[in-house]
Structure formats: C-alpha cells, structure tokens
Amino acid sequence: MDLRDAVGMAAGALWSQRLRSALTVLGIGLGTAAVVTFVTFGASLRADVVGQIDTSTANNIYLLSTPSDEEGFPERPQPVFTERDLSELRSIEGVDRVVPQGTVGISSITFSNSTLARQSVTATTPEAFSGISFRQGEPFESGTDEAVINRRAATVFEQNLSVGDEVSITRRSNETVDATVVGIVNRTSSQLPFQTFVQQPRFYLPTEPHYDAVVESPSLGVNQRAYPQVTAVADPSELSGTRERVRSYLNDSDASGLQPPGYSLSARTGGDIADGLEELINRLTRFVTGLAVISLFVGAVGIANIMLVSVTERTREIGIMKSVGARNRDVLLVFLIEAALLGAVGSLIALPIGVAGGWIATSYADIPLTLVPFWFGVAVLVGIAVGVVAGLYPAWRAARVDPIDALRRE
C-alpha cells in the first residue's frame, strides 16, 4: 500500500466519524491555541519592555536604596539621597544630568466633580521630561502649581483631562493644592523601565514647592530634601565608566550614611534592569505555557480514545484489509496517519485562534503585538507529534488483529 492510498483511507475513516473527529480536533486545538497565545503574549511583552529600555533609557543609571536580600526590582526604596548627593553626582565626569524622584502623599484628586482616590503622586524636576515627546503641552516649571500627567491619567475622570484644566489635589494633611495641567506624556525619562509598561495613571508635580521629605545631611549637618530614587543620565559613549564612578561616589555619599540597617545602595543601568526583566518575563512565560501544555495532554488522551474506539469498531474492516494482502505495517500506517491528521488539523485551526488570543491579551495590556513565526511551526509539529504518539498504541493494536478472528466478527 502506497502513502497516497493510506492517506485516502485515513481521511475517509475520519470523515465517516465527523462529529467524533471534530470534538477530538477541538480538544487538541484548544490546547495548542493556549500555548500560542501565551508564547505570543510573552514575546510581545519582552519586545516592548526591552525595546523601550534600548531606545530611551539605556544610558540611565538608577540609584536606589533597597533591602540587601531583595532580588529583582525595588519595591520599598528609602529616601536617602540628599541635595548634596545630587550636586556631587552632577559633577561626576560623564553625567549629563541628574533627575530626583520622590512621592507626595495624598488622599484624592478631583476634577470636574469627579474624585479619584490615590495614595501618592510623583514629585520630580523639569529635567525628567528632557527629550520626551509630549502628546500635548510642555513640562512644568519649578516653583509652580503646575502638573504633568500621562495619557492614562488623562482618561480616568468622567471628563477627559486636557492641557489647561485644573485639578484639586488633597494632601494627607487635608491641605488642597490646585494644579494646572500643562503637559500630557506617555512616560518620563526618570521612570524605572519596568514602570513603562504598567499603564497606571501618573501625576507629576515639581519638587519645589510640593516635595517636603527632609533629613539632616551627614556631610553638611543641615536639613535637606531626600529622595528615594535618583536617575543619573550618562553620556552613552561613557556609560560603563560613568557607572563605576557613580558607584565609587556612593561609598562616601550622604545616602550611604542615611540608609537603614539591612539596606544597600544600588546603581543599575537600563541594560541591567532589562536583563532582569527579560529573565523574569521568560520565567513567567515558561510557567504559563507549561500550564497550557497540560491541555495538550488532554487532547492526546482524546486522540488515543477515538483511535481505540475506531480499532474496535473497524475490526472486521481490518480483517478484510489483511485478507486481500495488507500487511501489519500497512494497517499500522493507516491508523498512525489518522492520528497525525487529527493532531495536524487541530494545530492548524489553533494558530489563528492562538494569534487572536495573543492580540486580545496585548490589546488589554496596551502593548504592541509581536508574532513569532518560529513558534507557529513548532506548534504544528507538536500537534502532529502529539497525535502520532497518542495513536501509537491503538495503531499497534490494529496491526496485531488476527484476520481470521476479525472476519468472524459481526
């Protein structure tokens, strides 16, 4: 029996049991579609995060004080970098500008009779918006009651915010600040890279006069503002050397004397954080993809089940095939092709479903869709392999059927 005849017989047998075959194909297809969806979303997230860091923050050096045993990314940075530290950092060779960032504790923000509950807004300097493209408006000026918002913040109230609108910010002391929105951006250059894909509403105020966290400078003995995060923007051609000079300064900085026990200072570039983020995303993608692979095993069980039932129902047909000259390997080939067809059709149907799922996921996360054709080919091959493996035992049973006993069966 040649391959063409075997494929024709296998396709005919599946067509004769259309409903059963369709349900089996659906099982393997949903499992493969889940894998494609999670792989597509993971690739899109990785491309978006790494792309943003490579294009906009690669030459940023992020200074923070975080727990020494904390792995990954900072969650509780301490306000330890004083104004004296900022001045010293600006004088380091290779540092183009220094951007402090702190938080102002608030309870709510009100606009046009609509109130948004919030715990804090970000205080920074106009330099944070250097080189940033504004959707509307321009940076705020230091010493003013002006605000810059991101595009997500512009849509959180019942009426969208625009440049020129005024918002009322209620601080935890119940003091109210009326700030005029002067600019709308996607992000600022001083944000940590992993904050760029978390599309939360962000409100930015100038540190002067709104930021009031102060400590006593160990070097000068006077009270100064202290910030939990400082971004030193370096000359790209001297990034490595500048980072080492910044790290060397930290040993003698005010921050080194102000940080609590169990905390340590870190100076990480956008590339350092990109590597950590990429590894984290890869781990999450592997984990959720592994969960999706479980559904492939469910599909494999479905293929094995339909093939075993098919062998039982077609025992007499198998006997006739053997009586007219079909060999064991011919019967084995027919049933293996049936199983492979179920897996292949399920995988091919799963590709558009999986891509659609990835598009929905990336749209919800507000990141660009990135397709990985390599994984599409892998998905089809895995579907075929799952079908063949699941059909091995049923095909072996079919090939072992005794033709005399088979012809006696009604």
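Tutor: Happy to! Let us begin with a term: buried means under 20% relative accessible area, exposed means over 50%, and partly exposed is in between (1.4 Å probe, protein chains only). This is a predicted model, in which local features need pLDDT of at least 70 and side-chain atom pairs count only at pLDDT 80 or more, while totals for chains, interfaces and linings use all residues. Residues are numbered from 1 along each chain as its sequence is written, and side-chain values use heavy atoms, leaving out hydrogens and water.

A salt bridge is a side-chain nitrogen of Lys or Arg within 4 Å of a carboxyl oxygen of Asp or Glu. Searching the whole structure finds seven of them.

Take Arg247, which pairs with Glu244, their closest N and O atoms being 3.5 Å apart. Both sit in helix α5 (residues 239-250), and because they are three residues apart there, about one helical turn separates them. Helices (H or I, at least four residues) and strands (E, at least two) are DSSP runs, numbered from the N terminus. Arg247 is partly exposed, at 32% relative accessibility, and Glu244 is partly exposed at 40%.

Salt bridges with shared partners also join Arg84, Asp85 and Asp254 into one network.

Glu208 and Arg225 meet through their side chains at 2.7 Å, N to O. Glu208 belongs to helix α4 (residues 207-210) and Arg225 to strand β12 (residues 223-227), so this pair ties together parts 17 residues apart in sequence. Glu208 counts as partly exposed, with 35% relative accessibility.
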